[in-house]
Amino acid sequence: MNEIKNKKPQEQGIEPAEHQKFDERLVRIEKMGKIREQGIAPYPRADFKPNISSTKLIEMFNHLTGEHIEKESAVYRYAGRIVMVRDFGKGGFLLLADQEGRFQSFISKQDLTEQEFFVYKHLDIGDFVGVEGKCFKTRTGDLAIHAKKLVLMTKALKPLPEKFHGLTDVEARYRQRYLDLIVNPESKEVFKKRSLMVNYIRNYLADKGFLEVETPMMQPIPGGAVAKPFITHHNALDMDLYMRIAPELYLKRLLVGGFEKVFELNRNFRNEGISTFHNPEFTMMEVYMAYGTYENHIELVEDLVTSMVNKLYGTDSIKYQEHQLSFQRPWAKMTVHESILKNCPSLNEDVLKDKDAVIKYIKTKHYADLLPKDPNFGEAIMLIFDEEVQPKIVNPTFVTHYPVEISPLARRFDDNPGLTERFELFIAGKEVANAFTELNDPIDQKGRFMEQVMKKDKGDEEAHHYDEDFINALEHGMPPAAGLGIGIDRLVMLLTDSPSIRDVILFPVLRPKKDEQ
């Protein structure tokens with residue numbers, strides 16, 4: 001049992017030069033050796049089965065007096081990670097953290113076996129233990145389990161960050177999310193809320209008759225969005241494949257195949273920059289309904305998000321950073337043109353009809369260098385919107401009537417073929433959702449694909465690829481339909497008051513450390 005204790009430091013995986021750095025680790029390894037000498041496994045199999053959580057204990061007993069608790073309390077088994085030790089010599093208190101919260105246990109030498117008390121005296125913050133006993137209230141009115149049994153479940157060899165109330169280094173929080181979750185309860189709450197939101201969305205759509213489906217993550221032709229894809233290679237087939245940038249074209253194939261209401265909630269991958277709003281791997285939900293229009297998705301998004309906010313917070317008004325967001329229905333709606341005229345006083349309707357005048361206006365602005373080399377009219381209009389309008393939108397707002405040049409998969413308006421039946425939803429200056437009445441005319445779709453091919457030939461890496469099989473599917477007939485995409489990560493950001501997308505993705509993509517130094 002003393003094989004670790006008797007080993008030289010370098011035989012334990014520690015180089016001599018690192019002795020000082022890992023002093024506490026050496027102390028813990030020595031404790032582990034002593035525990036082994038007692039015939040106790042520091043990493044036993046999970047034979048101790050907890051039967052209650054911190055939340056349930058508090059819910060059951062917090063409102064009762066100490067006398068009532070002692071009468072009503074059964075014997076409970078509770079397990080968690082030690083986050084605080086208060087040792088009084090022949091006993092003390094252990095504060096344990098489980099998935100839901102924290103609960104303490106009272107330890108007394110007279111209640112434990114000699115071996116169990118030996119374990120108690122060799123415990124450290126970070127260890128996992130299980131305790132068994134009845135619940136009671138201390139003299140200060142705090143709930144605790146009076147341990148009649150103590151089991152070591154895992155010995156932690158490295159200490160938690162010095163301040164268990166907070167890991168303040170932002171990069172460290174993202175790189176070592178496991179530590180962030182241990183020491184920052186608010187971070188764990190964000191991810192618990194994220195899970196609740198995803199479950200709520202799935203249940204909401206299932207109740208509306210939508211079928212959840214899965215489509216390929218690796219695609220021979222990337223499509224469904226304007227973005228640069230990641231490329232991988234399949235050795236057996238000796239062919240390049242693309243990590244999907246969107247599931248759209250496959251979901252539309254399902255409409256052709258006879259499914260009328262489908263959705264997919266899964267990952268997309270886009271080879272773009274990393275920022276507080278962008279992660280190369282992100283979660284997107286896409287929803288398609290046959291016999292629907294973009295107006296139907298306005299109704300769906302409003303109802304879904306507002307009901308979810310009320311479910312989570314009991315109100316339709318929440319705080320996000322410096323903004324107070326109101327989700328009270330109906331939400332604001334305006335066209336692209338209306339939004340530009342409202343926010344750009346020096347522009348008028350006549351200018352917005354003249355491509356040359358719009359480009360001349362942009363060239364007077366600080367964002368002129370963002371203008372593409374040979375912009376089409378839609379790109380120029382949307383650059384003004386992106387730079388001068390979007391950042392000013394605070395409360396949920398549907399912006400509609402997008403130019404056809406930047407909407408290659410959306411249906412045109414019958415009375416205004418230069419614009420499409422499309423909306424994007426903006427909240428607190430962020431795009432959260434995109435939807436449109438789908439283009440199901442195969443001839444029109446093929447023509448727009450060819451325009452995208454021309455852009456790609458001119459060097460636009462984000463232009464759509466030509467997908468002949470999708471055109472073939474459309475030629476077999478796709479019912480009139482509407483499609484919707486919601487960025488789950490951004491929605492979670494907004495509904496948890498998180499400033500960065502990395503705060504709501506458990507393991508975000510980060511630059512290598514050497515690039516940060």
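The model is predicted, so local features need pLDDT of at least 70 and side-chain atom pairs count only at pLDDT 80 or more, while totals for chains, interfaces and linings use all residues. Residues are numbered from 1 along each chain as its sequence is written, and side-chain values use heavy atoms, without hydrogens and water.

Next, select Phe210, where Lys261 lies over the ring face at 4.7 Å from the centre.

Turn now to pairs of rings. The whole structure contains 13 aromatic pairs (rings of Phe, Tyr and Trp, the last by its six-membered ring, with centres within 6.5 Å; planes under 30 degrees apart are stacked, over 60 edge-to-face, the rest tilted). Select Phe385 and Phe426: their ring centres are 5.3 Å apart and their planes meet at 55°, so the pair is tilted. Phe385 belongs to helix H14 (residues 377-389) and Phe426 to strand S17 (residues 416-427), so the pair ties together parts 41 residues apart in sequence. Helices (H or I, at least four residues) and strands (E, at least two) are DSSP runs, numbered from the N terminus. Both Phe385 and Phe426 are buried, that is, under 20% relative accessible area, with exposed over 50% and partly exposed in between (1.4 Å probe, protein chains only).

Then select Phe88, Phe93, Phe106 and Phe136, which ring pairs link into a cluster.

Finally, select Cys135 and Cys344. Cys135 is buried at 1% relative accessible area, and Cys344 is likewise buried at 1%.

Technical notes:
Lys NZ or Arg CZ within 6 Å of the ring centre and 35° of its normal.
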